[in-house]
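Please look over the sequence and the structure shown below, and keep them in view while reading the briefing that follows.

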Amino acid sequence: MPVVTANGIETYFESAGSGPALLLICGNGLDHRSFAEQVDAFSPHFRCITYDLRGVGQSAVPEPGYTIKDMALDARALLDALGIERAHIAGYSLGGAIAQEIALSVPERVLSLSLYSTFSHVEPYLRLRYDLLIRVLEDCGPEIWSMFTAFSAFGESYINAHAAEVEEEI
């Protein structure tokens, strides 16, 4: 099992393809598999590195209280452990916030930056949404959590127009 200690965290990762490094950073609660289709498309051109964020999938679960900056240090330490000096970095949602922190703190290590459905800072709406998601998960379990996540992530008109896709997502 490919695991390295990155920033003091046992971190599960996978690497596929060859060429310049492309670090793919997934969103909150998602594991390395969320980029499977992108790895298939990009691996003929890049060395694609996917990993499980701390507390997710096969990576270690640390004590609560860590920040996006801590998670950016995790990603940088993963690159260090793999001997990668510079990489293209792509991040989705929370992964995009982590990618931004990497680009701000060590821009010389970032060949390019691709951000998807992300944020630059936590506004009250986002904080309340995640507080509610945590409560729903703790109080109601993963099935209700997934339903609430899909419901709160998509607007009424999208859900009405794409009911089958939303059901599949749930």
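In this predicted model, the side chains of Asp80 and Arg109 are joined by a polar contact of 2.8 Å. Asp80 belongs to helix 2, and the points below begin with this residue and then turn to the helix around it.

**Asp80**

**Helix 2 and its ends**
- Helix 2 covers residues 68-81, and its 14 residues should span 20 Å at 1.5 Å a residue, which agrees with the 20 Å between its end C-alpha atoms.
- At the N-terminal end, Thr67 caps helix 2, with a side-chain oxygen 3.3 Å from the backbone nitrogen of Lys69.
- After helix 2 comes Gly83, which has a positive phi, near 75 degrees.

**Buried residues**
- Met71, Ala72, Asp74, Ala75, Ala77, Leu78 and Leu79 are the buried residues of helix 2.
- These buried residues pack against several elements, among them strand 1 (3-6), strand 5 (87-92) and helix 3 (94-105).

**Helix 2 against helix 3**
- The axes of helix 2 and helix 3 cross at roughly 75 degrees and come within 8 Å, and the two helices are therefore roughly perpendicular to each other.
- Helix 2 contributes Ile68, Lys69, Met71, Ala72, Ala75 and Arg76 to the contact, and helix 3 contributes Leu94, Ala97, Ile98, Glu101, Ile102 and Ser105.
- The residues of this contact comprise 8 nonpolar, 1 polar and 3 charged.

Notes: Residues are numbered from 1 along each chain as its sequence is written. This is a predicted model: local features need pLDDT of at least 70, side-chain atom pairs count only at pLDDT 80 or more; totals for chains, interfaces and linings use all residues. Side-chain values use heavy atoms; hydrogens and water are left out. Helices (H or I, at least four residues) and strands (E, at least two) are DSSP runs, numbered from the N terminus. The expected span of a helix is 1.5 Å times one less than its number of residues. Buried means under 20% relative accessible area, exposed over 50%, partly exposed in between (1.4 Å probe, protein chains only). Contact means heavy atoms within 4.5 Å. A polar contact is a pair of N or O atoms within 3.5 Å; within protein, one must be able to donate a hydrogen and the other to accept it, and residues adjacent in sequence count only if both atoms are side-chain atoms. Axes are lines fitted to C-alpha atoms, for helices over the stretch in contact, and angles run from 0 to 180 degrees between N-to-C directions. Angles under 35 degrees count as roughly parallel, over 145 as roughly antiparallel, 65 to 115 as roughly perpendicular and the rest as oblique. Ala, Val, Leu, Ile, Met, Phe, Trp, Tyr, Cys and Pro count as nonpolar, Asp, Glu, Lys and Arg as charged, and the others, Gly among them, as polar.
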